Amino acid sequence: MTNDCLCDCGGVLRPDFEKCDGLLPVIAQDDATGDVLMMAYMNEEAYDETLKTGRAVYYSRSRNRLWRKGEESGNLQMVKAVFIDCDRDTLLIRVEQIGGAACHEGFKSCFFRQVTPNGVKIIGERLFDPKEVYKK
């Protein structure tokens, strides 16, 4: 079998952007360490630009527009691999995190808070002050 596509899709398997009102969740994972860096959304335009440029592009629900990761902070993500889940409604991208921090709060990962029996604990180190980076 030369075609790895397990569906009748003409050999081109794409995410199903018809689901979830056109926005699919995307998990960004550090390619070198395996750390989960963040979760965001992509619409079809963001997905296509990501594939074309090799740089992570998301859809910002709060800004209602494409968000090219690092456009303000300089902390961009270069895409190393893209994975589509079995339902074609979630993406996993493995990235090289340039600039150290994926989180807009200045941490390497957006998942810097751990829920413990004693409450929430900060487990990450802040790499930059968001007030200094996002002055808009």
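Among contacts between residues at least 6 apart in sequence, 39% join residues at least 24 apart. The model is predicted. The chain has two helices and eight strands. Buried residues make up 35% of its 136 residues.

**Overall layout**

- From the N terminus on, the elements run β-β-α-β-β-β-β-β-β-α.
- The C-alpha trace spans about 50 × 40 × 30 Å along its principal axes.

**The four-stranded sheet**

- Four strands make an open sheet, in the order S2-S1-S6-S5.
- The pairing in this sheet is mixed.
- S2 and S5 are the edge strands, and each pairs on one side only.
- Neighbouring strands of the sheet are turned by 30° against each other on average, with direction ignored.
- In general, strands of a sheet pair through backbone hydrogen bonds, either parallel or antiparallel.
- S5 and S6 run antiparallel and are joined by seven bridges.
- Across from Val 79 stands Val 95 in S6.

- S7 covers residues 113-116, and S8 covers residues 119-122.
- These two strands run antiparallel, with four bridges between them.
- A hairpin of two residues joins S7 to S8.
- Val 115 has Val 120 of S8 standing opposite.

**Helix H1**

- H1 spans residues 44-53.
- Its buried residues are Ala 46, Tyr 47 and Thr 50.
- Seen down the axis of H1, the buried residues fall within an arc of 100°, so they line one face of the helix.
- An α-helix has 3.6 residues a turn, so residues three or four places apart point the same way.
- At the start of H1, a side-chain oxygen of Asn 43 comes to within 3.3 Å of the backbone nitrogen of Glu 45.
- Gly 54 follows H1, and its phi is positive, near 80°.

**Glu 45, on the helix**

- Glu 45 has its place in helix H1.
- Its relative accessibility is 52%, so Glu 45 counts as exposed; the cut-off for exposed is over 50%.
- Glu 45 and Leu 13 lie 32 residues apart in sequence. In space, they are 16 Å apart, C-alpha to C-alpha.

**The largest nonpolar core**

- This core holds 22 residues.
- Val 26, Met 38, Met 42, Tyr 58 and Ile 93 touch the most other members.
- The elements that give two or more residues to the core are S1 (24-30), S2, H1, S3, S4 and S6.
- S2 gives the most, with four residues.
- Leaving aside neighbours within four places in sequence, Ile 93 is in contact with residues including Val 26, Met 42 and Tyr 58.
- Other contacts of Ile 93 include Ile 27, Ala 28, Gln 29 and Ala 56. Val 79, Ala 81 and Val 82 are also among them.

**Gln 97, a buried residue in S6**

- Gln 97 lies in strand S6.
- Its relative accessible area is 13%, so Gln 97 is buried; the cut-off for buried is under 20%.
- The Gln 97 side chain reaches the backbone oxygen of Asn 75 at 3.3 Å.
- The Gln 97 side chain also reaches the backbone oxygen of Leu 76, at 3.4 Å.
- Leaving aside neighbours within four places in sequence, Gln 97 is in contact with Asp 30, Leu 37, Asn 75, Leu 76, Gln 77 and Ala 102.

**Asn 64, an exposed loop residue**

- Asn 64 sits in the loop between S3 and S4.
- Asn 64 is exposed, with a relative accessible area of 56%.
- The side chain of Asn 64 makes a polar contact with the side chain of Tyr 59, at 2.3 Å.
- Asn 64 and Asp 30 are 34 residues apart in sequence. The C-alpha to C-alpha distance between Asn 64 and Asp 30 is 26 Å.

Notes: Residues are numbered from 1 along each chain as its sequence is written. This is a predicted model: local features need pLDDT of at least 70, side-chain atom pairs count only at pLDDT 80 or more; totals for chains, interfaces and linings use all residues. Side-chain values use heavy atoms; hydrogens and water are left out. Buried means under 20% relative accessible area, exposed over 50%, partly exposed in between (1.4 Å probe, protein chains only). The arc is that of the directions from the helix axis to the C-beta atoms. A polar contact is a pair of N or O atoms within 3.5 Å; within protein, one must be able to donate a hydrogen and the other to accept it, and residues adjacent in sequence count only if both atoms are side-chain atoms. Two strands pair if DSSP finds at least two bridges between them. A nonpolar core is a set of buried Ala, Val, Leu, Ile, Met, Phe, Trp, Tyr and Cys residues joined through side-chain atoms within 4.5 Å. Contact means heavy atoms within 4.5 Å. Axes are lines fitted to C-alpha atoms, for helices over the stretch in contact, and angles run from 0 to 180 degrees between N-to-C directions.
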